[in-house]
Amino acid sequence: MTKPLIIANWKCNPTTLQEARRLFSTLEKSFKEIKNKNVEIVICPPFVYLPELRKQKSNLKLGAQNCFWKKKGAFTGEISFLMLKDLGCQYVILGHSERRRYFQETDEMINRKMRAVLSVKLKPILCIGETENERKKRSTQKILKSQIEKGLREITEKDINQVIIAYEPIWAIGTGKACLPEEAEKAAIFIRKIISKIYSQKITKRIPILYGGSVNSQNTLNYAAKSNLQGFLVGGASLYPREFIQIIKNVSRA
Ligand code: PGA
C-alpha cells in the first residue's frame, strides 16, 4: 500500500491571497517539523491561489477542487484540466457533493471530467456518498454503486491506478456529525467490492479509499486504525493549521 493520503479541501476559503499564503506557509512550516511522517499531503485551494502557492517551494502537493473537461474554447468561466496541469496541480477533486448539489453536476459530467484529468496524468479524487434521506431509506449501497459505475465509466485498467475514491456521506459534511468509523469501513469494503467487479483484484486492492465528513483531530485516530481506509478528505478542519497538523500527526502515528 502507498502512504496514507490527507487531502485539504479549502472550498471557497480564504477570501484574500494574503490569508491563503499565510495559511499555506504555516502548514508547510509545521509539516516540516513533524518527524517520521509517513503521509502524503495535498492542499486544494481555490483556483486563483494555485499559481502563487506553487511558488512557495513545498513538500505539500497541490490539487484543485474541480475542472472542466474541455481543453479550451468558448466556455465562459470554466477552468480546463490542461490549465491545472500547467499550474503544477497533481490532484483534482471531482464530484464533490457541493458541486453535485449547488451546480447540478451529474454523474455523466463527472465522468467526463474524470477521463479528461486522467488523460494528462492528473489524479482524480472521485467523491461519492449518500444523503441523509437515502441513508434512512437504506439505499446507501445502491447510491454508491451507481455513482461508482457511472463515475468510472470507460476508465481503463491502466488509468484506474491513478484514481482515488473519497467516501463522503453528505449528512456528515460540515455538520459535525461524522460517520461512525465502522460505518465508513463498511462503505469502503463495499466500494472496493464494486470496483473489483470492474477491474482486476490486483489493481482494486491498490486504489486508495478515503473518508471525508466532519473529520477533525479528535476523531481521526478511530478511522486511521481501519485497514480499509487509506486517508482523509478534510474540509473545515483544514483551515485551522493546528487542527490539520494534529490530524497529520494522528495518521502518521496510526
Ligand atoms: P468537512 O468537509 O470536513 O468540513 O465536513 C469535508 C468535505 O466537504 O470534503
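# Close-up views of the ligand site and the barrel

**View A. Lys11 lies in the loop between E1 and H1.** The structure is a predicted model, in which local features require pLDDT of at least 70 and side-chain atom pairs count only at pLDDT 80 or more, whereas totals for chains, interfaces and linings use all residues. Residues are numbered from 1 along each chain as its sequence is written, and side-chain values rest on heavy atoms, with hydrogens and water left out. Helices (H or I, at least four residues) and strands (E, at least two) are DSSP runs numbered from the N terminus. Lys11 is not a glycine, yet its phi is positive, near 55°. Pro14 belongs to the loop between strand E1 (5-9) and helix H1 (17-33), and the peptide bond that joins Asn13 to Pro14 is cis, with omega near -15°. Most residues other than glycine have a negative phi, and most peptide bonds are trans.

**View B. Asn36 is placed in the loop between H1 and strand E2 (40-44).** Although Asn36 is not a glycine, its phi is positive, at about 50°.

**View C. The ligand is surrounded by 13 residues.** The closest are Lys11, His96, Glu168, Gly174 and Ser214. The shell consists of four nonpolar, seven polar and two charged residues; Ala, Val, Leu, Ile, Met, Phe, Trp, Tyr, Cys and Pro count as nonpolar, Asp, Glu, Lys and Arg as charged, and the others, Gly among them, as polar.

View D. The protein covers 96% of the 280 Å² of accessible area (Shrake-Rupley method, 1.4 Å probe) that the ligand has on its own.

**View E. Eight parallel strands close into a barrel.** Their order is E1-E2-E3-E4-E5-E6-E7-E8, two strands being paired if DSSP finds at least two bridges between them. Neighbouring strands are turned against each other by 25° on average, direction ignored. Strands E5 (residues 123-128) and E6 (residues 164-167) pair in parallel over four bridges; Ile125 has Ile164 of E6 as its bridge partner.

How values were computed:
A residue is near a molecule or strand if one of its heavy atoms lies within 4 Å of it. Axes are lines fitted to C-alpha atoms, for helices over the stretch in contact, and angles run from 0 to 180 degrees between N-to-C directions.
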